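Please look at the sequence and the structure shown here.

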Protein chains: 2
Amino acid sequence: MELGSLDRSDDRPPYRQIADQLRAAIDRGDLAAGDKLPSEAVLMGHYEVARMTARQAIQELRSEGRVVAEQGRGVFVRLPAPVRRLASDRFARRHRDAGHGAFLADAEKAGVTPTVDEIEVSRKPAPDAIRERLKVDATDEVVVRSRRYLAEGVPVEMAVSYIPADLAEGTRIVEADSGPGGIYARLEEAGHLLDRFTEEITARMPTADERRRLRLGPGTPVLTVLRTAYDTDGRAVEVCDTVKAALAYVLEYDVPAR
Amino acid sequence: MELGSLDRSDDRPPYRQIADQLRAAIDRGDLAAGDKLPSEAVLMGHYEVARMTARQAIQELRSEGRVVAEQGRGVFVRLPAPVRRLASDRFARRHRDAGHGAFLADAEKAGVTPTVDEIEVSRKPAPDAIRERLKVDATDEVVVRSRRYLAEGVPVEMAVSYIPADLAEGTRIVEADSGPGGIYARLEEAGHLLDRFTEEITARMPTADERRRLRLGPGTPVLTVLRTAYDTDGRAVEVCDTVKAALAYVLEYDVPAR
DNA sequence: TAGTGGTCTAGACCACTGT
DNA sequence: CAGTGGTCTAGACCACTAC
């Protein structure tokens, strides 16, 4: 590939000029997804800069999430992640009836092998944000179900569900395997017919723990979805806090114009 | 604040240990939002490392978006951004009737001063992603309306609307000021009563241009919303591509359980 | 003026990858 | 083994901020 040259009279520092040139090469398609960038040694020689300057240019692109460094191999233009489109009706009852939770149903429809691991069930007081939404008191305990979802063995999402203890007791919700159709199926069996959900979407950079458990590289944000489920009496029966690898998802919603 | 010490037998490199200790101090609340981190000189002295090692630790936190560096002043724990909650009914007709576009109505309700600038209107062939959604041919032109939204003078969102040329012609949609109620009011006046929208949500790191125009620091992702508006005949009459500073928004959706 | 972060140099040793 | 990126040192000069 063609590299430009440094302009010492440019107000941008050298590392920025190099980063800009590499970024432009990617945008032009001169460097395609999966292509290897010029090595640090090549950049040092071509631009006549010290190694740290070449590294800093590459660091820019890494923290923008545009390239991925692999030790001993090189730096590569990031490959587009396989994207999962999540429709807003993914928790509709008709999907549940088939005996699958939303993630499993979705993944199988898309032809990828879904896995769930790191399942943990506990009982504890609810955090503030959950208390507000479930309308429970500070003294009330909730059942907390935590798990991680993988597609083709790649972790893509972590989820924590909070269910008021009085609703979960005596059902398989408190067991590691919540049974066919998942939590929502159990709640409906217990007489809490689901009426609607609200979802609150945000995006941010991941915490250290999220980076590790979702195997996220630098420069990759997460999407969070905080879903509250209401039964036909208008009672909030579950809050589910999910953290997804942002590059692996598109969320779709259908909104009436009234 | 209390700093720990390095463990040379730890498998994590020194810069990582320092970053982890600073991150933990923030999580503990030992360093609160707005607080100044120990300077590079202090970190060098305390941990007995070279300057680049101290800098690398801070660089970690910067690219995670947890701290912000200000030349000549120091490095500070990022302040929480003022968050705008966007309800899924924000484009409902009843909000439009008041004579305001969604952004203006929203901002005024929240008590912040809204501004719109960088308004550009042009006519060109539609990009592929837009063509698919508007169901127009490659040869058809669309009217492209581009603008930037600011809250209290701070840029928070950029938006580009695409309207089939035959719908926009002869209306104020092709003028810089599209008039009271915005594009949607003009479309409904022209007989295209809006029925529903679909919104497709993604998150990613910003491009160089987006970083500049939204004044985004390192470690701050963007939320994108691709909204398609359908009239009561089921025809797609507009696609709006928005890029928002992710930390400034929560998107809310209401979903029926069917 | 002193303190801060921003940029750069010229080396060094290490761990990992592929041949 | 050579080539690659990962980490680190010990300096240097600069631009900006606050006093």
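Helices (H or I, at least four residues) and strands (E, at least two) are DSSP runs, numbered from the N terminus. This is a predicted model, in which local features need pLDDT of at least 70, side-chain atom pairs count only at pLDDT 80 or more, and totals for chains, interfaces and linings use all residues. Residues are numbered from 1 along each chain as its sequence is written, while chains are lettered from A and ligands numbered from 1 in the order in which they are written.

Start with DNA strand D. A residue is near a strand if its C-beta atom, placed from the backbone, lies within 6 Å of that strand. Around DNA strand D there are 22 residues, and A:Gly72, B:Pro14, B:Ala50, B:Met52 and B:Gly72 come nearest. At least two residues each come from α2 (40–47), α3 (51–63) and β2 (74–77) of chain A, and from α1 (14–28) and α3 (51–63) of chain B. The largest share, four residues, is that of α3(B).

Now take DNA strand C. It is surrounded by 22 residues, of which A:Pro13, A:Pro14, A:Ala50, A:Met52 and A:Gly72 are the closest. Two or more residues are given by α1 (14–28) and α3 of chain A, and by α2 (40–47), α3 and β2 (74–77) of chain B. Here α3(A) provides the largest share, four residues.

For chain A, UniProt places the feature "domain: HTH gntR-type" at residues 12–80, in an unreviewed entry; such annotations may be inferred rather than shown by experiment, and positions follow the numbering used here, with feature names shortened. Over residues 12–80 chain A is 52% helix and 12% strand, and the end C-alpha atoms are 30 Å apart.
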